[in-house]
Amino acid sequence: MIPRLKRPLRLGTRLALGLGLLAFAVFVVVGAATVTSMKTFLDKRLDDQMALSQTGAAHDVEYYGKVTKLPPDWFAVVYKVQDGVLTPQPGEQQPADREEFDALARRALVADGFATEQLRGEGKFRLRACQIKKNEIVLVSAAPMKDRDSTLSQLVTVGVVAFLAALVTLVVGGQALLRRGLRPLSDMADTAHDISSHDLTDSARLAVRVDGKGGGVEVDELREAFNTMLAHIDSSLAARTAAEQRLRRFIADASHELRTPLTSLRGYADLFRYAAANEPGEREKHLEKLRSEAARMSVLLDDLLLLARLDSAASEPPLRPEELDLAVIADAAADAFRAARPSHPLEVDADTVRMTADPTRLRQVLDNLLTNAAVHTPAGTAVAVKVTAENGWAVIRVSDSGPGIPSADQARIFDRFYRVDDSRTRQRGGSGLGLAVVQSLVHAHGGTVTLTSRPGSTTFTIRLPRRRL
């Protein structure tokens, strides 16, 4: 059985423990320095006290041969020097064992000095030896160090207790303060958990956000960045949902549009086979119908292929730009329109506008707009094309005096397969792709296309940059 991993400590707890370890190291260094400084101070004070005591006792030792005034817990031994031999003199405050005193007295023949010794049965003492008379008398005294050691012990005890109390307070209080300070991050984590519990495939709306204030400048910046990221995800989900809906609608409409000519082709093929066997005179009529439906399906497929290429190559549109005069393109489109639609009078007002663009695609744009004007207006409706240059833009306006487009339909007029009057346009052969192709080609040139329509006047306005693509 695989052992269950322990839950890792929270960030606030880890930070508090880290601060505690750092504080502990600082306390150890400060405590050691304090104890060392106090020990040095107490040792120096005891040494000064012993030197002062021996200086005061020198007169008594010189005249009486012993120390008459000595603290009750001190020891003192007077040595006389004869021919380099030290002879201890009787006295009242002498230790039971003088071995350490004798050794230090011999060193005092060369120079005065201090030593710390553990006297057997007496405890720890500080010894000092000095010569009272040069090469005649040596005095060795000993002061107990229990007061000094007791002071250091108390200092260590108080320091450890104080440092431990401060350490516990720092860790506990620091953890509470850090938990409060990191609460905004916890809120963000809760928001992230809420997001993970959402079914993002079912809804395009992500309403959760991080609220609240506090935490400092860095937390405010993180909160703002987090909310900005959520807004970006929200917009991306909405765009994805809209794209999926458009794709489903596009596939359904494309399937429906392709089914119509295919059904017609199959029907006319059956009629052609029947006519070939029974009524040979009807063959040409049915063959012409087959050609017409095939051409209709070819146009539809060409438009679908063009839209797909424009969608998949947004960064590098499939255009072949060259230097051209927009007025020439407009005149050619007008001539073709007059020949194909004599029932609609056309007026052209085209200024010379030099620019860089794809002439074939611009001609397709004009042909689609003119065909749209003719198909959706009654015979005799006037159509006009105007080409001008305005503030570095090439502007094309295609207008007609027809019944206009209802305001409810204007927002979707450029959608693929969208028809204002589905039954009528279907009878006239429209596929609902003409204006979608216009918009895609204009956008591929870096331009815009807009619509203004009311009863008696409908105008499509195209603005194209005259810069090189």
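This is a predicted model: local features need pLDDT of at least 70, side-chain atom pairs count only at pLDDT 80 or more; totals for chains, interfaces and linings use all residues.
Now back up into H11 itself, residues 434–444. How enclosed is this helix? Well, eight of its eleven residues are buried, so H11 is largely enclosed by the rest of the structure. If you want to click through them, the buried ones are Leu435, Ala436, Val437, Val438, Ser440, Leu441, Val442 and Ala444. For the chain as a whole, 34% of the 469 residues count as buried.

So what does H11 pack on? One partner is helix H8, residues 359–375; the two axes are 9 Å apart and the angle is about 150°. The crossing is left-handed. On the H8 side you've got Arg361, Gln364, Val365, Asn368, Leu369 and Asn372, and they meet Gly434, Leu435, Val437, Val438, Leu441 and Val442 of H11. Sort those by class and you get seven nonpolar, four polar and one charged.

Okay, on to the sheet. We have five strands in an open sheet, ordered E7-E9-E10-E12-E11, and the pairing is mixed. At the edges sit E7, 346–350, and E11, 448–454, each pairing on one side only. On average, neighbouring strands are turned by 15° against each other, if you ignore direction.

E11 pairs with E12, residues 457–465, antiparallel, over seven bridges. Thr450, for instance, has Thr461 in E12 as its bridge partner.

At the other end of that order, helix H7, residues 326–340, lies across E7, E9 and E10, and runs at about 175° to E7.

One residue I'd like to zoom in on is Lys386, in strand E9, which covers 383–390. Setting aside neighbours within four places in sequence, Lys386 contacts Asp349, Val395, Ile396 and Arg397. And here's Thr461 again: Lys386 is 75 residues away from Thr461 in sequence, but their C-alphas are 9.5 Å apart.

Zooming out to finish, the chain has eleven helices and twelve strands. Take the contacts between residues at least 6 apart in sequence, and 63% of them join residues at least 24 apart. As for the surface, the chain exposes about 28,100 Å², with 56% of that supplied by carbon and sulfur atoms.

Definitions and conventions: Residues are numbered from 1 along each chain as its sequence is written. Side-chain values use heavy atoms; hydrogens and water are left out. Helices (H or I, at least four residues) and strands (E, at least two) are DSSP runs, numbered from the N terminus. Contact means heavy atoms within 4.5 Å. Buried means under 20% relative accessible area, exposed over 50%, partly exposed in between (1.4 Å probe, protein chains only). Accessible areas come from the Shrake-Rupley method with a 1.4 Å probe; for residues, only the protein chains shown count as cover. Axes are lines fitted to C-alpha atoms, for helices over the stretch in contact, and angles run from 0 to 180 degrees between N-to-C directions. A crossing is left-handed if the near helix is turned anticlockwise from the far one by less than a right angle, and right-handed if clockwise. Ala, Val, Leu, Ile, Met, Phe, Trp, Tyr, Cys and Pro count as nonpolar, Asp, Glu, Lys and Arg as charged, and the others, Gly among them, as polar. Two strands pair if DSSP finds at least two bridges between them.
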